Amino acid sequence: MKLPETLNAWRREDGRPGIRNAVAVMAAADNMNPLLSHIVARVPGIVALPAAYGRGQLGEDLEITLDSMAGLAGHPNLAGCLIVAFEPASALRIAERVQGRGESIRVLSFLQSGGMQPCIAAAERLLQELQTRADAAKQTPVGWHEMTIGLECGGSDTTSGLFANPALGALTDELHTRGATLIFSEPVECLGGEAALTARACNSEAAEAMLRAIDGYAQIARTAGVELTGINPTADNIAGGLTTIEEKSLGAIAKTGHAPIEGCIGYGARAPYTGLWMMDAPAAAVENLTALAAGGCQITAFVTGSGNPSGHSIMPTLKISANRETARVMRDHLDVDLSDLFHGGGGITAGAERIGAAAAAVIDGAPTAAERLGFLHSNISRFGRSV
């Protein structure tokens, strides 16, 4: 498969390469989101990472939130991140979890600064310092073996399972042979396709972990009085011609190719070593993209039948569709149009090469459709109740 041997990236202090060189400001909790709005208005080009909550969390829910926030703050696509909190402890507990980024992480307390205006002024100074460091950084050649790539699909239809996901799967196989780390998620979208996954598990522990993750979401649905097996509860999937969740799942699994699966990692967790991994994360696009970003994916390839527009704030999200109508009406939101495959315009390998060429261009700096349009979000999933 024709792909460039090397790519351009910024080498971070922890050794990982980043494909963007952005500076971000993060709210440690939702009570600082208004401050973020004022700060980004004063400092053009700064990426905002708001919080959906952040106070009164306990146990596993709190740990996942803090680890995910640390994963975002220390993401290799960021040259630096300022964490803003009402009091210093809330920012420090995130910063302390960011490993190997040193001066790239700064913290600021609203309370210690003396309110909004002094805090905004302090934030401007700190962000300018981080931006100066970013501007001085130089790109360096990196290989595919240093990349962590997310695999996602959403708004699936018949063209997703027949063409777009298999094309992404062929690229997944190629990148796996080149030593890349690849992460797919949305275990609920594997329901009914368990046998296809466990047959590829590297060992029994990996197989059991994937089954637990998949069944966990089925149990969540049952608790709410919904039985997922044998039905398809999503209106846009039904409109796209899918009849059951099993049919949808087999199409979704196609994007993972044929490589062995190393195991199942937690929400927002980094893969412990290279290879193909499942991540235990809900299927909702924004939450799922955030989990992949927190896990260190520099880029995610996202197959969509209906044209899901979502992209992540710090992780370029490549949108791929093989639906001719979607390619017509949602053209501005797509990066790779594979709709000709449905009409004899090329094979799966040709589609994989087109996705790979687009991914390489984005890694080297070309903006994705979501980046051009500013259709970017970040939102960590919630796993418990507040007190």
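Mentor: A crossing is called right-handed if the near helix is turned clockwise from the far one by less than a right angle, and left-handed if it is turned anticlockwise. In this predicted model, helix 6 passes helix 13 in a right-handed crossing. Helix 6 covers residues 158-177 and helix 13 covers residues 348-363; their axes come within 8 Å and cross at roughly 70°. Angles of 65 to 115 degrees count as roughly perpendicular, and helix 6 and helix 13 are therefore roughly perpendicular to each other.

On the helix 6 side, the contact is made by Leu162, Phe163, Ala164, Pro166, Ala167, Leu168, Ala170 and Leu171. Helix 13 contributes Ile348, Gly351, Ala352, Ile355 and Gly356. Sorted by class, this contact has 11 nonpolar and two polar residues, with no charged ones. Gly counts as polar in this sorting, and Gly351 and Gly356 of helix 13 are among the contact residues.

The largest pocket has a volume of about 300 Å³. It is lined by 15 residues, of which Glu60, Ile64, Tyr217, Asp280 and Phe383 are the closest to its centre. Two elements give two or more residues to the lining: helix 2 (59-73) and helix 8 (204-223). Helix 8 gives the most, with five residues. By class, the lining has seven nonpolar, three polar and five charged residues, whereas the contact of helix 6 with helix 13 has no charged residues.

Conventions: Residues numbered from 1 in each chain as written. Predicted model: local features only at pLDDT ≥ 70, side-chain atom pairs only at ≥ 80, totals over all residues. Heavy atoms only, no water. Axes fitted to C-alpha atoms, helices over the stretch in contact; angles between N-to-C directions. Helix = DSSP H or I, 4+ residues; strand = E, 2+ residues; numbered from the N terminus. Parallel < 35°, antiparallel > 145°, perpendicular 65-115°, else oblique. Contact = heavy atoms within 4.5 Å. 1 Å grid on protein atoms, 1.4 Å probe; cavity = no way out; pocket = protein on both sides within 12 Å on 5 of 7 lines; lining within 4 Å. Points joined across faces, edges and corners; volume = space filled by probe spheres on them.
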